[in-house]
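Here's a quick briefing for anyone meeting this structure for the first time. Have a look at the chain before reading on.

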Amino acid sequence: SDVYKRQVRSRVKSNKAELQRRVDEKVRQNKEVMKQRDQEHKRKLQEMEDRLKNRQLLMKQTNPHAEKLAKMENLLKIKQTAKESGARDLDSLFTPAEQDLIREAELLQRQKELKEKLKR
């Protein structure tokens with residue numbers, strides 16, 4: 001009976017050890033997989049950032065005005081959204097430089113509209 005108990009105990013012990021070993025191995029594999037996924041994700045992000053930088057560079061080279069025009073468009077959109085949401089003091093939302101860009105953009109817009117009217 002004592003021998004049997006000892007055999008059972010040793011079997012339980014070895015089973016526990018085997019189970020723990022399997023769990024540790026699985027954890028290690030999962031960590032490796034997660035590390036690989038992280039690296040892949042970082043690499044893709046870097047590629048996207050590089051593509052974006054290249055596109056911005058290309059835009060600057062092909063059309064140095066493009067950046068300014070994009071900024072002006074964005075500011076106009078922001079101002080329009082603020083107006084629609086009922087903001088009172090619109091000028092306080094923007095820095096003086098931004099206000100100048102907005103004025104310039106509004107002038108360009110009016111010029112475009114006038115040209116359209118003249119074409120008709």
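This is a predicted model: local features need pLDDT of at least 70, side-chain atom pairs count only at pLDDT 80 or more; totals for chains, interfaces and linings use all residues.

Residues are numbered from 1 along each chain as its sequence is written, and side-chain values use heavy atoms, with hydrogens and water left out.

**Overall build**

- You'll find 3 helices and 0 strands in the chain, counting DSSP runs numbered from the N terminus (helices are H or I with at least four residues, strands are E with at least two).
- Starting at the N terminus, the elements go α-α-α.
- The chain is more spread out than a compact globule, because its radius of gyration is 33 Å, well over the 14 Å that the globule rule gives for 120 residues. That radius is taken over C-alpha atoms, and the rule is 2.2 Å times the number of residues to the power 0.38.
- The C-alpha trace spans about 110 × 40 × 30 Å along its principal axes.

**Surface and burial**

**The largest pocket**

- Its volume is about 380 Å³. A pocket here is an open set of points on a 1 Å grid over the protein atoms alone, where a 1.4 Å probe fits, with protein on both sides within 12 Å along at least five of seven lines; lining residues have an atom within 4 Å of a point. Grid points are joined across faces, edges and corners, and the volume is the space filled by probe spheres set on the points.
- Of the 15 lining residues, Glu73, Leu76, Ala105, Gln109 and Lys112 are the closest to the centre.
- Helix H2 (64-84) and helix H3 (96-119) each supply at least two lining residues, and H2 gives the most, with 8.
- By class, this lining has 5 nonpolar, 3 polar and 7 charged residues (Ala, Val, Leu, Ile, Met, Phe, Trp, Tyr, Cys and Pro are nonpolar, Asp, Glu, Lys and Arg are charged, and the others, Gly among them, are polar).

**The second largest pocket**

- This one has a volume of about 200 Å³.
- Its lining includes Lys53, Met59, Asn63 and Lys71.
- Helix H1 (2-62) and H2 each supply at least two of the lining residues, with H1 giving the most, at 5.
- The lining splits into 4 nonpolar, 2 polar and 4 charged residues.

**Two residues to look up**

- Gln99 sits in helix H3 and counts as buried, at 18% relative accessibility.
- Leaving out residues up to four places away in sequence, Gln99 touches Asp91 and Phe94 (contact means heavy atoms within 4.5 Å).
- His41 is in helix H1 and counts as exposed, at 51% relative accessibility.
- His41 and Leu76 are 35 residues apart along the chain, and their C-alpha atoms are separated by 35 Å.

Definitions and conventions. Buried means under 20% relative accessible area, exposed over 50%, partly exposed in between (1.4 Å probe, protein chains only).
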